[in-house]
Amino acid sequence: MSDPIRLDSFEGASVLLRRTNRKKSISLSIRDGGIVIFAPKRVPDREVYDLIVKKAPWIRSKLAKQATLPQIAERKFVDGDIFLFLGEEYPLRVMDGPKAKAELEEGVFVVQARRAHIQERRARSVRAAFLRWYKEEAETLFTDRTGYYADQMAAAPARILFRDYKSMWGKCTGQGEITYNWKLVMAPPRIVDYVIVHELAHLHHLNHSRDFWDCVEKVIPDHKVRRKWLKDHGQTLMI
């Protein structure tokens with residue numbers, strides 16, 4: 001008998017297993033070159049193993065396809081690096097300044113940072129400035145767009161939060177709190193809107209039932225196309 005498949009890896013691909021009370025069955029997806037599994041807390045590990053074995057051909061196919069999808073070049077946070085904002089690419093210009101600060105000016109990301117003898121130190125300062133800028137822009141944009149769609153959908157989130165999720169773009173709790181992955185601010189506006197509507201729909205249906213998708217479709221008729229874009233290009237939304 002062969003050894004059981006480990007929960008932390010599958011043929012070199014990482015496996016992230018999340019236990020939740022919200023799921024009634026096991027779900028499996030491929031994200032960022034790894035496997036993400038959501039399973040009810042009551043489901044034994046053996047069933048998770050069995051699902052991976054059963055889905056092995058599908059997993060290999062999806063991992064192979066994802067490996068061919070566009071990847072963003074590793075950034076060094078120097079002049080000429082390209083950064084995304086709302087689906088558009090903008091080059092970076094680094095300037096000397098007393099305090100790390102990022103701004104988008106006339107189609108160019110201008111970042112001020114202290115001059116440093118060690119390039120890695122200056123790069124960390126530039127990256128920190130970018131993180132602050134992205135998070136501030138995400139909070140402003142998502143809060144505004146959430147209010148816009150909340151009025152259309154008769155939905156009222158109790159609170160809006162922002163996090164750096166590894167494998168999720170949004171989350172809605174039973175208490176009505178919605179959390180967005182701030183990195184979504186790099187995606188085209190139509191993708192941002194899809195995630196916002198998706199999470200607001202969870203305020204009416206805390207599941208992925210037919211009623212839930214009908215709720216999404218009333219506002220975003222082409223939600224399947226937008227969802228596929230996120231699956232195919234989500235790995236490019238990084239810094």
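This section describes the sheets, cores and ring pairs of a predicted model. Local features need pLDDT of at least 70, side-chain atom pairs count only at pLDDT 80 or more, and totals for chains, interfaces and linings use all residues. Residues are numbered from 1 along each chain as its sequence is written, and side-chain values use heavy atoms, with hydrogens and water left out.

Helices (H or I, at least four residues) and strands (E, at least two) are DSSP runs, numbered from the N terminus. Two strands pair if DSSP finds at least two bridges between them. Strands of a sheet pair through backbone hydrogen bonds, either parallel or antiparallel.

Strand β4 covers residues 34-40. Seven of its seven residues are buried, so β4 is largely enclosed by the rest of the structure. Buried here means under 20% relative accessible area, exposed over 50%, and partly exposed in between (1.4 Å probe, protein chains only). In a regular strand the side chains alternate between the two faces of the sheet. Both faces of β4 are covered. Gly34, Val36, Phe38 and Pro40 are buried on one side, and Ile35, Ile37 and Ala39 on the other. Strand β2 (residues 13-20) pairs with β4 in the parallel sense over six bridges. Leu17 stands opposite Ile37 of β4. Strand β3 (residues 27-31) pairs with β4 in the antiparallel sense, over five bridges. Here Ser29 stands opposite Val36. β3 and β4 form a hairpin with two residues between them. Asp32, in the turn, has a positive phi of about 50°.

Strands β6 (residues 88-96) and β8 (residues 108-113) run parallel and are joined by five bridges. Leu92 has Phe109 of β8 as its bridge partner.

At 11% relative accessibility, Leu84 counts as buried. Leu84 and Met238 are 154 residues apart in sequence, yet 8.6 Å apart in space, C-alpha to C-alpha.

Strand β11 (residues 177-181) is mostly covered, with four of its five residues buried. Strand β9 (residues 159-163) runs parallel to β11, and five bridges join the two. Arg163 has Asn181 as its bridge partner in β11. Strand β10 (residues 170-172) runs antiparallel to β11, joined by three bridges. Cys172 stands opposite Ile178. The hairpin of β10 and β11 has four residues between the strands, and Gly176 takes a positive phi near 90° there.

In soluble globular proteins, nonpolar side chains tend to be buried together. A nonpolar core is a set of buried Ala, Val, Leu, Ile, Met, Phe, Trp, Tyr and Cys residues joined through side-chain atoms within 4.5 Å. The largest has 50 residues, of which Phe109, Phe130, Tyr134, Leu184 and Ile239 touch the most other members. α3 gives the most to this core, with twelve residues. A second, separate core of 14 residues includes Phe10, Ala13, Ala39 and Ile59.

The structure holds 16 aromatic pairs. Rings of Phe, Tyr and Trp (its six-membered ring) pair if their centres lie within 6.5 Å; planes under 30 degrees apart count as stacked, over 60 as edge-to-face and the rest as tilted. Phe109 and Phe130 form an edge-to-face pair, 5.0 Å centre to centre with 70° between the planes. This pair links Phe109 in strand β8 to Phe130 in helix α3, 21 residues apart. Phe109 is buried, with a relative accessible area of 0%. Phe130 is also buried, at 0%. The rings of Phe142 and Tyr180 have their centres 5.3 Å apart and their planes at 80°, so this pair is edge-to-face. Phe142 lies in helix α3 and Tyr180 in strand β11, so the pair ties together parts 38 residues apart in sequence. Both Phe142 and Tyr180 are buried.
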